[in-house]
Amino acid sequence: MIYLISEKEIKTALANQNLDANYLSQAIVTAQETVLEPLIGSYLYRTICNMVNNNTIKDEENSNYKLLLDKYINPFLIMQVISDIIIPISYKIGNVGIVQTTDTNLQVPGKSEIDYLVQYYADKAAVAGQRLTKYLHANHNIYKEFCKKEHCNDLLPESEAGYRINLNI
């Protein structure tokens, strides 16, 4: 799996260096595959992943893609990953059922507070996602892969497929 954002960037945004890497890596994969790829389309998603994987994203001829990644995709991924990770770090599924994690020095928030945090970051991710897609639409001549399919099973961006991002404020 190619990560478009590092665990360190997520931890820095959260101001918490103590998050388990297993939770972070799964949340990054989930955000990239289930939210980002449908948002920007498979072709553009693959193009950026390939540039990151081949370490060519920093090349001069790819400066527009580096800008897209740094200014639009990563802020979106930070908020989406935080939104996605709140439930898994708050509750665990084990042999005894679903349990809430606690620490003797910490107070555990109730479900309504956890739901509030999930929605808070989901709303921020939705705004960042809208900003990302507006930028891509305005600059579709630069990002030729946006709104195009390379393979028959590619996803078109949600905005092109007739879907919209829900924003609850």
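This is a predicted model: local features need pLDDT of at least 70, side-chain atom pairs count only at pLDDT 80 or more; totals for chains, interfaces and linings use all residues.
Me: Why is Thr47 called buried?
Reply: Buried means under 20% relative accessible area. Thr47 has 14%, so the word applies. The residue is found in helix H3 (residues 42-53). Leaving out residues up to four places away in sequence, Thr47 touches Tyr65 and Glu145.

Me: What makes the pair of Tyr65 and Tyr143 edge-to-face?
Reply: Two rings pair if their centres lie within 6.5 Å, and planes over 60 degrees apart count as edge-to-face. By this rule the count comes to five aromatic pairs. For Tyr65 and Tyr143 the centres are 5.3 Å apart and the planes stand at 85°, so the pair is edge-to-face. This pair links distant parts of the chain, with Tyr65 in helix H4 (residues 63-90) and Tyr143 in the segment after H5, 78 residues apart.

Me: Are Tyr65 and Tyr143 buried or exposed, and how do you know?
Reply: The cut-off for buried is under 20%. Tyr65 has a relative accessible area of 9%, so Tyr65 is buried. Tyr143 has 0% relative accessibility and therefore counts as buried.

Me: Why is the pair of Tyr120 and Tyr121 called edge-to-face?
Reply: The centres of these rings are 5.0 Å apart and the planes are at 90°, so the pair of Tyr120 and Tyr121 is edge-to-face.

Me: Which residues do ring pairs link into a cluster?
Reply: The cluster consists of Tyr65, Tyr72, Tyr135 and Tyr143.

Me: Why is Leu117 called partly exposed?
Reply: Partly exposed lies between the limits of under 20% for buried and over 50% for exposed. Leu117 has a relative accessible area of 34%, so Leu117 is partly exposed. Tyr120 is also at 34% and therefore counts as partly exposed. Leu117 belongs to helix H5 (residues 111-138). Together with Tyr116 and Tyr120, Leu117 forms a nonpolar patch on the surface, with about 300 Å² of accessible area.

Me: How do you know that Val29 counts as buried?
Reply: Val29 has 15% relative accessibility, and buried means under 20%, so Val29 counts as buried. Its place is in helix H2 (residues 21-40). Apart from neighbours within four places in sequence, Val29 is in contact with Met1, Tyr3 and Thr34. Val29 and Tyr3 are 26 residues apart in sequence and 7.3 Å apart in space, C-alpha to C-alpha.

Me: How do you know that strands S1 and S2 pair?
Reply: Two strands pair if there are at least two bridges between them. S1 (residues 91-94) and S2 (residues 97-100) pair over four bridges, in the antiparallel sense.

Methods
Residues are numbered from 1 along each chain as its sequence is written. Side-chain values use heavy atoms; hydrogens and water are left out. Helices (H or I, at least four residues) and strands (E, at least two) are DSSP runs, numbered from the N terminus. Buried means under 20% relative accessible area, exposed over 50%, partly exposed in between (1.4 Å probe, protein chains only). Contact means heavy atoms within 4.5 Å. Patches are made of residues with over 30% relative accessible area and no salt bridge: like charges are joined within 9 Å, nonpolar side chains (Val, Leu, Ile, Met, Phe, Trp, Tyr) within 5 Å. Accessible areas come from the Shrake-Rupley method with a 1.4 Å probe; for residues, only the protein chains shown count as cover. A salt bridge is a side-chain nitrogen of Lys or Arg within 4 Å of a carboxyl oxygen of Asp or Glu. Rings of Phe, Tyr and Trp (its six-membered ring) pair if their centres lie within 6.5 Å; planes under 30 degrees apart count as stacked, over 60 as edge-to-face and the rest as tilted.
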